[in-house]
Every structure is written in structure tokens, then in C-alpha cells.
Amino acid sequence: MKKWIILLAIVLPLGLVGQTIQGNIGNSNGEPLIGANVYWLGTKVQTATDVEGQFTIQVVENSRLVASYIGYQADTLDVKPNTNTVTFTLREDNVLEAVVVQGKQDAIIISNINPIKTQQITQTSLKQAACCDLAGCFGGQSSVQPHTTNVITNSKELRILGLSGVYNQVLINGLPMIRGLSYTYGISSIPGTMVDKISISMGANSVLQGYESISGQVNVETKKPRNTDRLLFNAYLNSFMEKQVNLNYAFKTGDWQSLAAFHAVQPADRIDRDEDNFLDVPLLTRYSFTNTWNYGNPNEWGWNSQIGIRWLNEERIGGQTNFTSEDRGSTSIYGQYVQLHQPELWTKTGYRWDDVHNLIVSFSGFQQGQDAYFGTVHYDAQQTSLYAKAQYEYTYAERQVLKTGLSFRYLNLQEKIGLENDVLNRTYAGDYQQREVIPGFFAENTLFLLEDKLTWLAGIRGDHHNDFGFQLTPRTLLKYNLSERTVLRANVGFGWRTVNLFSENIGLFASSRDLIIADDLAPEKAWNYGVNLTRKFGEDKLSGYLSLDYYRTDFSNQIFPDYDTDPRKAFVRNFTGESVSNGLQAELLLNFGPSLSWKNGFTYLDVYQVVEGEKNPLPFTARYHLLSNLNWQPTAKNYHLDLNVHWYGKQRLPNTASNPVDFQRPDFSTPYAVVNAQFTYNFKRMEWYAGCENIFDFRQRRPILSWENPFGPHFDTATVWGPTRGREFYVGVRYTLEKATK
């Protein structure tokens with residue numbers, strides 16, 4: 001019944017029509033102007049652009065459309081009858097240069113135009129912390145929580161709604177580059193200096209990028225050659241003596257614009273503050289080179305193209321303090337060693353005939369090789385991943401938009417697990433292969449109704465998996481403008497995904513547990529329902545927003561390793577019983593003029609399975625999370641101070657009651673808080689920044705169970721629930737030149 005209701009919601013909008021015009025506003029460099037004012041001359045009909053510089057406005061006949069933005073010259077267009085879309089390119093006004101310099105973009109922006117509730121992390125937020133890699137870019141918001149999956153090598157995932165990171169879709173420039181083998185270390189491999197902005201949406205959303213986003217979607221837009229600094233140099237050093245260097249250079253050759261970027265990380269010192277003979281910080285060595293090329297503008301008529309390549313090489317060493325790469329696989333010195341390399345390519349090419357017809361063809365692919373040792377477990381894996389999509393966009397009937405197309409996914413993952421020197425008689429050694437061929441089609445329609453107060457986005461896609469057959473994915477979203485500044489959204493949708501067992505649960509290798517695969521694993525499937533209310537308010541002296549969210553996820557099949565049945569084993573099986581995630585979130589942002597902003601967030605998560613009639617909370621999920629950010633930047637001064645506080649409630653831990661007393665852990669963790677601060681001083685082209693993460697030095701001491709005997713039967717890293725590296729000081733410098741192209 002649910003599917004038929006949503007299918008009806010998709011077909012119905014095709015017959016409905018609204019009287020609106022869509023447009024976008026940018027500057028001469030092609031950068032979107034966020035919050036630009038758009039209005040009909042001589043009327044009170046007006047709106048503002050969203051985080052992509054786009055707007056929708058009700059049609060007013062016999063009038064002229066005006067676009068204005070502080071620091072730019074206003075522009076006026078005569079809109080002809082039956083026009084569907086318009087584009088403004090505003091020129092900078094030198095007279096207002098001083099005002100522009102003092103202006104500050106909000107750190108987190110929520111669009112009132114997008115039917116999907118989307119939070120955008122801007123450059124302002126990315127500079128309020130070190131943001132050495134993508135995993136460190138989320139400290140100023142509540143929706144996404146980085147979570148450590150293996151404390152010894154410091155692998156991380158991004159969680160939304162309290163669910164494992166596998167249930168949200170991480171996109172790079174709108175393409176699925178983080179999947180399979182790249183899931184384990186992929187988000188840590190993207191340097192913060194290459195991130196332009198990050199868009200976060202919770203719950204089921206658009207079907208254009210695929211079927212996997214059950215709990216949400218994170219889209220990382222990397223810096224583009226035409227709207228970034230000509231030269232960026234960034235150097236970073238922390239108190240563990242880990243070093244990082246980044247160099248970006250943008251240039252223009254004929255009609256093509258290019259950005260070349262080099263990224264390097266050198267390892268920290270060998271530090272063991274807990275005196276448990278295990279390194280507090282893994283030794284990381286990483287080199288990557290990225291080159292992107294742009295041609296044309298996707299918002300203008302004619303051809304446009306984007307091409308990107310990246311090469312990544314990385315080595316991680318963790319474990320006992322005297323472990324080196326020469327000891328990998330040793331039975332006397334415990335350590336973990338990971339060596340990976342990954343070349344990748346992506347491209348988007350489009351042709352826009354006019355304001356009505358647009359075609360975009362996208363392709364991405366990467367090949368990753370990974371050779372790793374987790375104690376005596378040898379994990380050798382190779383993956384080839386390909387993705388292609390052709391998308392046709394048709395703007396019809398006064399700017400209603402229908403997007404249709406075809407997609408294709410290919411995955412070939414080969415894994416070899418060796419346990420030659422294992423003394424624990426674990427049973428999961430062998431060769432594993434996962435091969436997926438998934439062609440698909442999709443359609444998504446956007447409607448604007450009730451004099452542009454109601455936006456209706458409805459989408460459906462069908463995909464055929466070579467092993468699991470045809471899967472249908474319907475989704476629909478509604479946005480209603482209760483007033484000019486108050487927006488109500490609701491969404492419902494279905495999502496599914498296949499499991500990459502070992503790469504997505506790398507922590508299973510980092511313990512003495514045996515892995516028992518009890519079922520033929522079927523795709524995970526879930527419905528997600530959500531509602532959001534956003535209220536923006538205020539003028540110059542006090543402004544901000546209040547955002548309230550509630551999301552519920554109901555799984556019909558979920559695969560979550562069972563750590564409770566036997567502390568010496570992890571069982572993996574299909575769970576078709578009741579499995580639910582309820583997430584409630586509230587955020588309040590207050591801007592006290594241009595100099596001071598204060599943001600507070602509250603998150604409540606209820607994530608559980610019902611087993612034999614009893615509600616069983618899933619481990620490693622804090623039911624309560626509080627966030628407070630304070631950002632102070634005095635007007636016309638060259639410095640700013642940024643402070644954020646995270647408080648986490650207790651988390652349920654895996655059951656260790658059947659272990660000997662010395663190897664038992666509490667059923668729940670203790671609540672804790674982490675306080676971070678950064679001070680930044682700006683020169684003309686240079687920024688110096690210094691900060692401290694975890695100021696009060698909270699850490700979970702000796703987090704590894706049975707650390708004294710890492711080759712024994714009770715060794716386990718699956719009881720890590722909090723920070724383990726303690727207080728971290730850092731210093732850094734950024735040097736930039738002017739924008740790359742004009």
C-alpha cells in the first residue's frame with residue numbers, strides 16, 4: 001500500500017501547473033550569490049536566492065524583474081511572456097568594497113527554497129577549525145557525527161540519525177566515490193583545503209543519485225578552478241607532531257580552467273600516554289594529487305564540462321609502540337598495517353539547448369588496492385568501481401521541472417583473508433568476491449503550486465541487481481511556505497543497499513572475535529519518514545533561525561553485527577524483526593549583529609531492535625547530544641575566535657558479562673564533553689591559526705580490552721566509545737593569492 005501511495009504522488013504532479021519563474025544569480029566568476037534579493041519592480045513580490053544562488057518567484061505581468069546584492073550593481077530584466085528561467089550575472093561595485101570586506105557569510109546555511117531540507121557548511125565554518133580532512137569538517141552542526149570504527153588505525157565513518165555511516169550516501173561532486181573498499185578510509189583521504197562546501201540532508205531525499213541514502217546524504221563539493229584562489233598554501237602541525245602540507249594552484253589555458261592540488265601528511269611521534277604499550281595516535285603517511293578541469297558554465301546555453309583525476313597513496317601503522325611495517329603479521333609484536341593506493345577519474349559533460357532542455361552525462365570510476373595486516377589477520381583486497389548516468393532535464397509549463405535518465409553501476413570487489421599464524425582457531429579465512437552489475441532508470445518531477453507556497457518533489461527509480469533482481473525506490477517530498485520566513489517540510493521514501501561486510505566492518509579484524517556469517521546476506525531495506533519546521537527571523541542586530549526535525553527509519557531487513565550473544569564471536573545475519581531509529585533534533589542560531597553568533601543544538605536518538613519481545617538499544621549510540629558554538633569576529637578587526645562544545649550522553653556497550661571478571665566492561669559508557677577552540681589572525685594574504693581540541697583532556701583510558709595480551713582470546717577494540725587521544729594543540733598557516741580567473 002505504501003508503494004502505491006507514493007507512486008500516485010509521483011504521477012499526479014505531471015498534470016498540475018503553477019505560475020512561477022526559476023532563475024539563478026551569480027557573479028562574473030560564476031560563483032552563486034547566496035541571499036541575493038529578487039523582486040518585481042513596483043510590487044511587494046520578492047524572494048531571495050538559496051545556497052546554490054537559485055530562486056523561484058511568482059509571475060507578475062507588466063513588470064520588470066530586479067536582482068540586487070550588497071557589493072554588486074543591481075540588474076533589471078524585461079521578462080518575456082512564457083519565459084521559464086532567467087539568469088543574472090551581477091558585477092562588483094567598487095564603491096561598496098569596504099562593506100563587502102566586513103561582511104561575513106553564515107557558517108551554516110539552510111535554504112528556504114529547496115524542497116529538501118539542506119544544511120550547507122560554508123567556507124566560514126570550514127575555517128573555524130583545523131579541518132585537516134573531511135571527517136573533521138562537521139564540528140559546527142548536529143546532523144552528522146564522525147564516529148571511529150577502528151581506534152588503532154583511526155578509521156572513521158559519518159553517522160546520521162544515530163545509524164551507521166553505511167546508511168547515508170556520501171557523494172563527491174554529486175558522484176558516489178565513497179563505497180565498498182573506499183568506505184573505510186575514504187572520508188579521511190579528502191583534505192579540508194579541497195572542500196568548497198558540504199550539503200547535508202537527512203532522511204530520504206532525491207532519487208537522482210541512487211537508491212542507497214536511507215538515513216541521509218552528504219554531498220561534498222570540491223573547489224572549482226573558476227571560483228577559488230589562484231594559489232593556496234596551507235601548513236599544519238599538531239602537538240603529536242603530525243604534519244600536513246597542502247598546495248593548490250589554479251590557472252587558465254584557453255577556454256579551459258584548471259586546479260592542481262597536492263596534499264601530504266607525515267606521521268606523528270610514537271606516543272603512549274596510557275602506558276598500555278599501544279600507540280595513542282596511528283602513524284599516518286599520505287600523498288595525493290588532484291587535477292580538475294572546467295569548460296563553460298552549466299547555467300548557460302551550450303557545452304560545459306568538468307573533468308577530475310586523483311591519485312592517492314596512504315600508509316597507516318598502529319598497535320604496540322615498537323611495531324613497524326617490518327613486523328606485519330608478527331605473532332610476537334601486535335600491530336596493524338594498512339597500505340592503499342587509489343587512482344580515480346570523474347567527469348560531467350552537459351549541453352543546454354535553451355531554458356527548457358538540458359542534458360548531463362556523468363561518469364566516475366576508481367580502482368583501489370589495499371594490503372593490510374590486523375595482527376595475524378592478512379587482508380588483501382582489490383576493487384574496481386564504475387558509475388555512469390545520463391540525465392535529461394525538461395522545464396515545462398512555467399518552469400516545472402522533470403528530470404529523467406538512466407544509470408549504471410559496476411562493482412568488482414575481491415578480498416583475500418589469511419589466518420596462517422592464527423592461534424585462536426578463527427574460521428573466516430578464505431577468498432571472497434562481490435560482483436555487482438546494476439542498470440537503472442529514474443524520474444523526478446518538481447512542481448510549484450498554490451501561488452508558489454507549495455513545492456512538491458516526487459521521484460521514482462528502478463534498478464536491476466544481477467543477484468537480487470529488480471528493486472523499486474519511490475520517494476516524495478513536500479515543502480509549504482507558512483510565511484515568507486517559515487517553512488514546513490515532510491518527506492517519505494524507501495531505500496535499500498547491499499552489504500560489503502568486511503570493508504564496512506573493519507573493526508571485526510581488530511579483535512580476537514571469530515566472525516560467524518549465519519545467513520546468505522540479503523539487501524538491507526528501510527522506509528524513512530521525516531518532518532521539518534524552519535523559522536528564520538530578525539534584522540541586523542539580531543537574526544538567525546530555529547530548526548526542528550523528526551525522522552523515523554523502519555527497517556524491513558538490517559544487518560548489524562551481533563556482539564552480545566558471545567563476547568568471543570560476532571554473528572552476522574539478516575534481521576527481519578522490528579528495527580527502528582527515531583531521531584529528534586532542534587537547532588537555534590542567534591546572530592548578534594555581524595560580530596557574534598551563537599548556535600545551540602539538541603539531538604535525541606532512540607535506535608533499537610526488538611529481540612524476543614524486548615527492546616534492545618543498539619550499541620555505540622548516545623541517546624542525548626548537546627552542541628553549543630560561539631563565534632566572535634569583531635567588526636573591522638583582523639582576528640576571530642571560535643569555540644564549540646559537544647556533550648554526549650551514555651552509550652550502551654557490547655555485553656561482556658560472560659568474560660572473566662578482569663575482562664568485563666560496564667554495560668554503559670559515562671557521559672562526557674569535548675571543548676574545542678581556535679584563534680585566527682588575518683593578514684592581507686596570510687592567515688595564522690592556532691587551536692586546541694579537547695581542551696579539558698577527556699579521554700577513555702586504556703580503551704582496548706585485554707591490551708596486555710593482544711594475541712589472547714579476550715583482546716577486543718569494540719569497547720571504544722569516546723576520545724582516546726586526549727588534548728591536542730595545533731598551529732597552522734594559510735597563504736592565498738587573488739581569485740584564479742575573471
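Biologist: How much space lies in the second largest cavity?
Modeller: In this predicted model, the second largest cavity holds about 460 Å³. The structure has nine cavities of 30 Å³ or more.

Biologist: What makes this space a cavity and not a pocket?
Modeller: A cavity is a set of points where a 1.4 Å probe fits but cannot get out, whereas a pocket is open. Its lining comprises 27 residues, and Thr-149, Arg-159, Glu-504, Asn-505 and Tyr-563 lie nearest the centre.

Biologist: Which elements give two or more residues to the lining of the second largest cavity?
Modeller: They are strand 10 (144-150), strand 11 (155-160) and helix 4 (501-504). Strand 10 gives the most, with four residues.

Biologist: How do the residues of that lining divide into nonpolar, polar and charged?
Modeller: There are 14 nonpolar, eight polar and five charged residues in the lining of the second largest cavity.

Biologist: Turning to Gln-678, why does this residue count as buried?
Modeller: Buried means under 20% relative accessible area. Gln-678 has a relative accessibility of 1%, and therefore counts as buried. The residue belongs to strand 37 (residues 672-682).

Biologist: What lies 3.3 Å from a polar atom of the side chain of Gln-678?
Modeller: The backbone nitrogen of Ala-130 lies at that distance. A polar contact requires N or O atoms within 3.5 Å, and the 3.3 Å separation falls within that limit.

Biologist: Which residues does Gln-678 touch, not counting residues up to four places away in sequence?
Modeller: Among them are Lys-127, Gln-128, Ala-129 and Ala-130, as well as His-640, Tyr-689 and Tyr-730.

Technical notes:
Residues are numbered from 1 along each chain as its sequence is written. This is a predicted model: local features need pLDDT of at least 70, side-chain atom pairs count only at pLDDT 80 or more; totals for chains, interfaces and linings use all residues. Side-chain values use heavy atoms; hydrogens and water are left out. On a 1 Å grid over the protein atoms alone, a cavity is a set of points where a 1.4 Å probe fits but cannot get out, and a pocket is an open set with protein on both sides within 12 Å along at least five of seven lines; lining residues have an atom within 4 Å of a point. Grid points are joined across faces, edges and corners, and a volume is the space filled by probe spheres set on the points. Ala, Val, Leu, Ile, Met, Phe, Trp, Tyr, Cys and Pro count as nonpolar, Asp, Glu, Lys and Arg as charged, and the others, Gly among them, as polar. Buried means under 20% relative accessible area, exposed over 50%, partly exposed in between (1.4 Å probe, protein chains only). A polar contact is a pair of N or O atoms within 3.5 Å; within protein, one must be able to donate a hydrogen and the other to accept it, and residues adjacent in sequence count only if both atoms are side-chain atoms. Contact means heavy atoms within 4.5 Å.
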